[in-house]
Amino acid sequence: MRYSQIFIPTLKEAPADAEIASHQYMVRAGLIRQLASGIYSTLPLGLRVIRKIENIIREEMDRIGGQEVFLPSIQPSELWKESGRWDFYGKELLRIRDRHDREFCYGPTHEEVITDLVRKEVKSYKQLPLTFYQIQTKFRDEVRPRFGIMRGREFMMKDAYSFHPDEESVNKTYDDMARAYSNIFERCGLEYKKVEADTGAIGGARSHEFHVLADSGEDEIGFCDICDFASNLELAQRRIPSETGEAENQDAKAIEEISTPGKKTIEEVTSFLSITPQEIIKTVIFESNAGLVAGLCRGDREINPIKLKKLLDCEWLHPADQSKQDDSIAYGYIGPIGLKLPMYADAEILQMPQAVAGANKTDCHLTGIYPPRDLSTIKTGDICFAKANDPCPQCDKGTLQVKRGVELGHIFVLGNKYSKSMKAHFLDANGKEQAMIMGCYGIGVGRTAAAAIEQLHDEKGICWPKSIAPFQIEVIPVNIKDEATVTAAETLYKTLTQNGIETLLDDRPERAGIKFKDADLLGLPIQIIIGPKTLQEGLVELRIRKSGGTLSIPLDQASEKAQKILTEL
């Protein structure tokens, strides 16, 4: 492709609202343009990247038996009411009415639509398992769209759905899908982590996320420095030695009430009593469908509501609103001794040789608390967020490292959450009617492109991996007024193109400096620079964008050498 024949509107400066590298460079390199908040047009260069990612996805989905479909983006409300999500999904669901005043939504996902399709067509176990996928536009009305296409309202997504007669079948497809996702992100040239994850609003039992490690990521990922353990910090487990704190402490003191006037926070109490946060029991009140409950943890920890909810086995749970708390609760001075609420403690509490906690009385705290003695009847478990340097829960020697990640893919075993409510049934081998077991698997296509930039860029611009680069090589004639330079560039361009190498020829009548800056901004893997001076010696300059390395090579060997280097990148 000739530069003069493709629309690449590059910019010297990034827009003021572009906070992260991918947003800045996608706009500056002419890949996208904003139409409205969280809604973007994809320009020719950006679309070439998107199509390459799509093709990689299709190849891997087809390899594991996925069948591509294209489902309606406008979905009737009746299906969402059947599944129970019409009211539950919230304001992110864009609801619309047609001319007959019938309710629809613009699909943020397609569980209901695909389940409706399958329940009408599949009646026997002999027709299962089935896996369908599509690559299509979605819309979620984000409260605060930001970061360009990384968190837009309208976005391109690959979503797949599988239907099975039993758990063994769905777990096989789940494992196949996990391997396919790993292949996809490896082929896209990305460093990623497969992490244990929460199923969230979609629901289900088994779940993993795939994250590209990047400083701009919105999620924190905990992973072991030795073994292959990795988890979203929302779910990351901790290894807590069980033997610590079990034996009776002969030196344990009696509980004593002390005055702590106006000292409510961990920082205030530790400073006032000259102790560390690890010596304090923090008590947090939560609301749940079962009423108010108290969570206990060490003062240097934070309670994870997701873990606490699982320990309680309740339907919903969130931190209590102080204004709604019982008047008998002394806010700022809450403690486990004498508290008239159900209590659940982090297992680490029982390791504490002695502790300080609120006295459930304004301006007072208790000292001398010995948890194995005084809190032995409280149900315990891992209810805190893991953090850096915690012991790995999977191996004996590793410690957790924490980095930020950009979520690109999420896979679920849904079970019969949708098939049961929507009556997607089949007859098993015994002629008995059963609800199908489902799986759900998504990849953000645009997010993958943006994440590649987040992970692979420098101060000059993008450094595309060759598999998803819009072009693989850029030929740059320094002076198009020099006939020999133009002839050499044209010849090399034609040779590379004929050999199947996607090549961009910068035939613009611009200064060399502008061409070089734009080339670094666009970030194609290899640049071949042809100038009058080096050409007199029969040489051209080959630059590798990512490493910055340069080579002087004979013009007649440039095509062969560039192709060889390209295969090694």
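Trainee: Why does Tyr 192 count as buried?

Mentor: This is a predicted model. In it, Tyr 192 has 18% relative accessibility. Buried means under 20%, so Tyr 192 counts as buried.

Trainee: What makes Phe 185 count as buried?

Mentor: The relative accessibility of Phe 185 is 1%. The cut-off is under 20%, so Phe 185 counts as buried.

Trainee: Why is the pair of Phe 185 and Tyr 192 called tilted?

Mentor: Their ring centres lie 6.1 Å apart, with 50 degrees between the planes.

Trainee: What makes the pair of Tyr 106 and Phe 139 a tie between parts apart in sequence?

Mentor: Tyr 106 lies in strand β6 (residues 103–106) and Phe 139 in strand β7 (residues 130–139), so the pair ties together parts that are 33 residues apart in sequence. Tyr 106 and Phe 139 are both buried.

Trainee: How do you know that the charged end of Arg 543 sits over the ring of Phe 516?

Mentor: The distance from the ring centre is 5.0 Å, and the limit is within 6 Å, together with an angle within 35 degrees of the ring normal. Arg 543 is listed as sitting over the ring of Phe 516. Likewise, Lys 417 lies over the face of Tyr 418, at 5.6 Å from the ring centre.

Notes:
Residues are numbered from 1 along each chain as its sequence is written. This is a predicted model: local features need pLDDT of at least 70, side-chain atom pairs count only at pLDDT 80 or more; totals for chains, interfaces and linings use all residues. Side-chain values use heavy atoms; hydrogens and water are left out. Helices (H or I, at least four residues) and strands (E, at least two) are DSSP runs, numbered from the N terminus. Buried means under 20% relative accessible area, exposed over 50%, partly exposed in between (1.4 Å probe, protein chains only). Rings of Phe, Tyr and Trp (its six-membered ring) pair if their centres lie within 6.5 Å; planes under 30 degrees apart count as stacked, over 60 as edge-to-face and the rest as tilted.
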